[in-house]
Amino acid sequence: MNYNFLEIEKKWQEFWKANETYKVGFSSKPKLYVLDMFPYPSGAGLHVGHPLGYIASDIYSRYKRHNGFNVLHPQGYDSFGLPAEQYAIKTGQHPKKTTLDNITMYRNQLDRIGFSFDWSREIRTSDPNYYKWTQWIFILMFNSYYCSIDDKAKNIENLISSFNNEGDKLYKDQLTDLGYSFTNSEWNAFNAKEKSEILMNFRIAYLTDGEVNWCEELGTVLANDEIINGVSERGGYPVTKRKVKHWSLRISEYSERLLQGLDKIDWPDPLKEMQRNWIGKSKGVSINFKVENSNKSIEVFTTRPDTIFGVSFLTIAPEYKDITDLSVSKNKSVIEEYISEVSKKSERDRLSDVKTVSGVFSGSYAIHPFNGNKVPIWISDYVIASYGTGAVMGVPAGDQRDFDFANKFQIEIPNIFENIDISKVAFSDKTGFKLINSEFLDGKDYNESIEIIINEIENKNIGKSKIQYKLRDATFSRQRYWGEPIPIYYKDGIPKNIDLGDLPLELPEVDNFLPTKNGDSPLGNSKEWAWNEKDKKVTSNDNINEVDTFPIELNTMPGWAGSSWYFYRYMDPTNSENFVSEDSQNYWSDIDVYFGGSEHATGHLLYSRFYQKFLYDLSLLKKDEYAKKLVNQGMILGNSAFIYRKSGTSEYLSKSLISNVKVDKIRIDIKYVEGEDKVNIDLLKKEDKDFKDSVFISENDMFKCIREQEKMSKSKFNVVNPDEICNQYGADTLRMYEMFLGPIEQSKPWDTRGISGVHSFLKKFWNLFFTDGEINLSSDEPTSESLKSLHKTIKKVSEDIEKLSLNTCISSFMICVNELSSMNCNNRLILKDLLILISPFAPHFAEELWSKIGNSKSIVEEKYPKYEEKYLVESEKVYPVSFNGKTKFTLNLSLDLNHQEIEKAVLSNEKTKSILNNNNPKKIIIVPGKIINIVI
């Protein structure tokens, strides 16, 4: 009987769906929660790189289910996103429709690969019943503040009560920095708007006027992690700085807790290090430099206050708050031009570009707080306004970037290190030096000077010790349509939240998905986007001037809002009273293993940890980390194809003909490539209009391209559709091949040439069950050889799945099937256990054979085989028999034989007699269980 994979896979997918095989609930079994990062349903569908992590998690889930666990393995869709909105702008088609169409396509593709997802728990972030709770969490953040006394988030009413009763007493330092000072009676005398403005400085979700990353093409604000090399991650559009009133989340208050929490979770070390660097903890000192002829001062933060006598300039960020006051009139035009140029760069680009040195002199000077010297104030893009104070002290002798800056602009470089040459490079070490030209610090090293200078700074009241973090508050507003509406309305200009009972605040219908003519978000195009406070419902904008009706926030939430808590909704997806019930939380607790890419390190994986800690602070969650273990799967790389075009012409040259010719490298779709590098020119010219009239010069009647491995992407024309692999080889072959490519955490190239070997293996396994097209299994006792092969495989596969070394599991299966084939093994007991063993990897294949050998129930709940050591104990040894140290043949002998019995057996062997030719050996060396060597 042939292995008809198409028929088999369709049959069992329908069976699993009809019988809800993977649906789970509460159970007396131990729980296991295995989760994949849910996909954004793009119009391009899945390529073979997308299922890599899903397949690994599915194998692990199925294996654990076989081992008696109640496995929650859900799936859903991160279905709000820019691509659907951009498509809507181009075509007029509503994002909701295209998203639903894409979800249908994704579901078909995912089902085709045979995943054990519990689809009864499916969630979609764009479903109002889901985003009701995303909006609710935002309201909680709006109505909470971070209490520095208790180091946790608390209800804003506690802060208001403190102000009512004690004025600014408990928060004096923080309020003084903000420019506020009041008694309780003064607080109570403030009007509503004044109170709102003060409280906005404390709320976790707060409205602010600030400089943001503005993308004109996308019509929205972007967070730092959404910008790469100065352009938007989505679409590659230019990004500039712009002042916009927007919502932010005060994630910076959680910096230390986010750092400390990394020590409690089993996440990959490289990813943890990425988060540590992104949070960027620094211990140092803030120092105030007075501005000459001004009542202003510039506060700088430094981790090296011991080098303060090496300061020869200050540098402020182009966005510095007092930059207008510090810019002298004759320099203003140059300064404005420089600031405009810098606004085109992202913060990430400015921080990472250490080679480019740029800046402009403000024309103003500060006064050194110790020696009274005049210090020029410069403006440069290597200082970031949002990090620290937006100003740094330039110590060119001790910092390479300062050194390069001073050299370029011919600023003095005073040496403060004894016997250290700084003529060519700065000296930044903390050891191996004594200070000079540093007044009371002369002759002291780092450890001796640091305490002295900090005490002096604090005694002179010109600064204080400080811990600083790079982590900035998260920009939350998005000027787009296809996202969660922010549940805020404005009453007399004061933001008020919509109550939980009135959620969800659903997206309104609009005719135009572009921003409005006055630059407002696309929601401004809606004719019904006002809130009637009395009736608690959305009403017409025409009613805004009437009593109890107020405008609703026009911005929507970012894509990461819905993905920062989704893992809890899977526990209890239909609950209309709570985002997750206490019973569900008590049972499922947290994610045991989370699969996803490391590219989310400083985005989703950081924001979600912040959300977790916030909800934990409010006693809504029981743990302050949500995933015990994280597995970062690598990428499957595409094998891209390029051809060479003779520059300035429409003439294309085969790859070996480009010597000494100026050419342009042009990308083509891999579907036009046959074999390794032969291009089907006729098909290319027929289907791609860009090449219709082009001339192709071949070599030996063949036009060849070059191949390069890079990220698989539709835009790179190197995508392989998993449906094509399933049609040609079957889903089980695809599953096993993707695992066979290499370790799950490593990136590896896709190479279709290897897939036929995996498919042949499955057919070979299939044939073990059949004789002349009929099932033919023996009920005899298994042989010791077959038991040994089976239990060796059980041991190796079980250990490797636990370690997620899934590629070596495939190798073990292949070795076992080869061994059983060579034995002509068709033993029922052996093959039954081997079917269960391979079931997590090739579920359709295993289900079909399981039913064919007489089982009426699904293989899914069968107990996973356990290896028995007794079958792995060697009873015989294949000895290499050597003559004068050279192996001539091997001899299979019992390990129970003693030295004399081994000697007798080898001397009586016909091959030994032939080599000795009736001569007696000089010596026989025997090491039982290892070697036999005959000296002649």
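Me: Which residues make the nonpolar surface patch of about 210 Å²?

Reply: This is a predicted model, in which local features need pLDDT of at least 70, side-chain atom pairs count only at pLDDT 80 or more, and totals for chains, interfaces and linings use all residues. Residues are numbered from 1 along each chain as its sequence is written, and side-chain values use heavy atoms, with hydrogens and water left out. A patch joins nonpolar side chains (Val, Leu, Ile, Met, Phe, Trp, Tyr) within 5 Å, from residues with over 30% relative accessible area and no salt bridge; areas come from the Shrake-Rupley method with a 1.4 Å probe, and for residues only the protein chains shown count as cover. Here L657, V695 and I697 make the patch.

Me: Is I697 buried or partly exposed?

Reply: Buried means under 20% relative accessible area, exposed over 50%, and partly exposed in between (1.4 Å probe, protein chains only). I697 is partly exposed, at 33%.

Me: How far apart are the closest N and O atoms in the salt bridge of D58 with R62?

Reply: A salt bridge is a side-chain nitrogen of Lys or Arg within 4 Å of a carboxyl oxygen of Asp or Glu. For D58 and R62 the distance is 2.8 Å. D58 is buried, with a relative accessible area of 0%, and R62 is buried at 4%.

Me: Which salt bridge does D590 form with K623, and how exposed is each residue?

Reply: Their side chains meet at 3.0 Å, N to O. D590 is buried at 4%, whereas K623 is partly exposed at 32%.

Technical notes: Patches are made of residues with over 30% relative accessible area and no salt bridge: like charges are joined within 9 Å, nonpolar side chains (Val, Leu, Ile, Met, Phe, Trp, Tyr) within 5 Å.
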